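Subject: Handing over a structure, with notes on what was found in it

Dear colleague,

I am passing this structure on to you, and I would be glad if you could look at it with the notes below at hand. Please open it first, and then read on with the model beside you.

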Amino acid sequence: MSRADNTTLPTTSLPIRMRVHGMDCAKDAAEIERAARSAGVAEGDVKVSAATHVMTLRIAEDDLPKVRPALDATGYGFELIKSGDTSSDPAYKDPSYRRALWIVVLLNLGYGVIEMFGGFLSGSQALKADALDFLGDGAITFLGLLAIGWSLTWRARSAMIQGVFLGFLGLGVVGSTILRVLNQTTPEAGLMGAFAVGALIVNILAVLPLLKHRKGDANMRAVWLFSRNDAIGNLAVVIAAGLVAWLGSAWPDLIVAFAIAGLFLHSSWMIIRDARSDLSETE
């Protein structure tokens, strides 16, 4: 949508900060920023951090109601940070909800390790890359659990460490995939497909504990986004396994590995970039 009068809202020196609920990655941050700009916010007056999931608007608080419809239309949740940095979202204070998140952490980290082992066992680079997605999701959820009530500075520092760690994992997969290109061996398609199907099942199991805790469109959107994005990666590996079996070539496996690892590295870099920016603003 766009403002009918096509005017830009004036910039203020005191920023408005809002915590964003339901976003998953840098692509979601860009979508929210576009929505704010469509409502008249100047390009440099809106920033959504992929590291801390906090949106900063440099507009007058009286102008916020002019922007809220465009933000709400994205389907994410926006919580105004009035003072301090503690979330008032009751979902995070619900012990059963926290237990559900711990189940998600254990499933993602556990199967991430299993799928990485499957990648080495089957010789599949795509499985190794998909395992990174599990490990990354588990790490992000784990950080979210630990960081409830933390200040923006400490959440940015934690996100920085996480981004660097995930970046090294992604580079490791890219490096090993390049070596496999130079010395190709065809992966075991049967094992590759079995572990990929297992990944789909685990993604479904990870979503189930969260469904009964959905409270509003934003939380439901978060569950949908996480499961959808993970399922796309899993299906890509399943398809690659079928092509490996059909063509007797390692290339489908290698192409999917590069694609997943590349997306993973992009997200890692965005987290690091935004964490650095958040830290500079809090100094």
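Of the 283 residues of the protein chain, 51% count as buried, where buried means under 20% relative accessible area, exposed means over 50%, and partly exposed lies in between, with a 1.4 Å probe and protein chains only. Please keep in mind that this is a predicted model, in which local features need a pLDDT of at least 70 and side-chain atom pairs count only at pLDDT 80 or more, while totals for chains, interfaces and linings use all residues. Residues are numbered from 1 along each chain as its sequence is written, and side-chain values use heavy atoms, with hydrogens and water left out.

The overall picture

The protein chain has 8 helices and 4 strands, and along the sequence they follow the pattern β-α-β-β-α-β-α-α-α-α-α-α. Here helices (H or I, at least four residues) and strands (E, at least two) are DSSP runs, numbered from the N terminus. The protein chain exposes about 13500 Å², of which carbon and sulfur atoms supply 66%; accessible areas come from the Shrake-Rupley method with a 1.4 Å probe, and for residues only the protein chains shown count as cover. Among the contacts in the protein chain with a separation of 6 or more, 80% are between residues 24 or more positions apart, a contact being heavy atoms within 4.5 Å.

The strands

Two strands are said to pair if DSSP finds at least two bridges between them. β2 and β3 form a hairpin with 5 residues between them, and in the turn histidine 53 has a positive phi of about 60 degrees.

The salt bridges

How many salt bridges does the rule give? The count comes to 3, a salt bridge being a side-chain nitrogen of Lys or Arg within 4 Å of a carboxyl oxygen of Asp or Glu. As background, side chains of opposite charge can pair when their charged atoms come close.

Glutamate 79 forms a salt bridge with arginine 19, the closest N and O atoms being 3.7 Å apart. This pair links distant parts of the chain, since glutamate 79 is in strand β4 (residues 77-80) and arginine 19 is in strand β1, 60 residues apart. Glutamate 79 is buried at 12% relative accessibility, and arginine 19 is buried at 9%.

Aspartate 63 and lysine 66 also meet through their side chains in a salt bridge, at 3.0 Å from N to O. Aspartate 63 counts as buried at 10% relative accessibility, whereas lysine 66 is partly exposed at 44%.

Arginine 68 and aspartate 72 form a salt bridge as well, with 3.4 Å between the closest N and O atoms, and both lie in helix α2 (residues 64-72), 4 residues apart, which is about one turn of the helix. Arginine 68 is partly exposed at 25% relative accessible area, and aspartate 72 is partly exposed at 41%.

Asparagine 234 among the helices

Is asparagine 234 buried or exposed? Asparagine 234, found in helix α7 (residues 217-247), is buried, with a relative accessible area of 1%. Its side chain makes a polar contact of 2.3 Å with the side chain of asparagine 203; a polar contact is a pair of N or O atoms within 3.5 Å, where within protein one must be able to donate a hydrogen and the other to accept it, and residues adjacent in sequence count only if both atoms are side-chain atoms. Leaving aside residues up to four places away in sequence, asparagine 234 touches Asp130, Phe134, Ala196, Ala199, Leu200 and Asn203.

Isoleucine 178

Lastly, isoleucine 178 has its place in helix α5 (residues 152-182) and is partly exposed at 40% relative accessibility.
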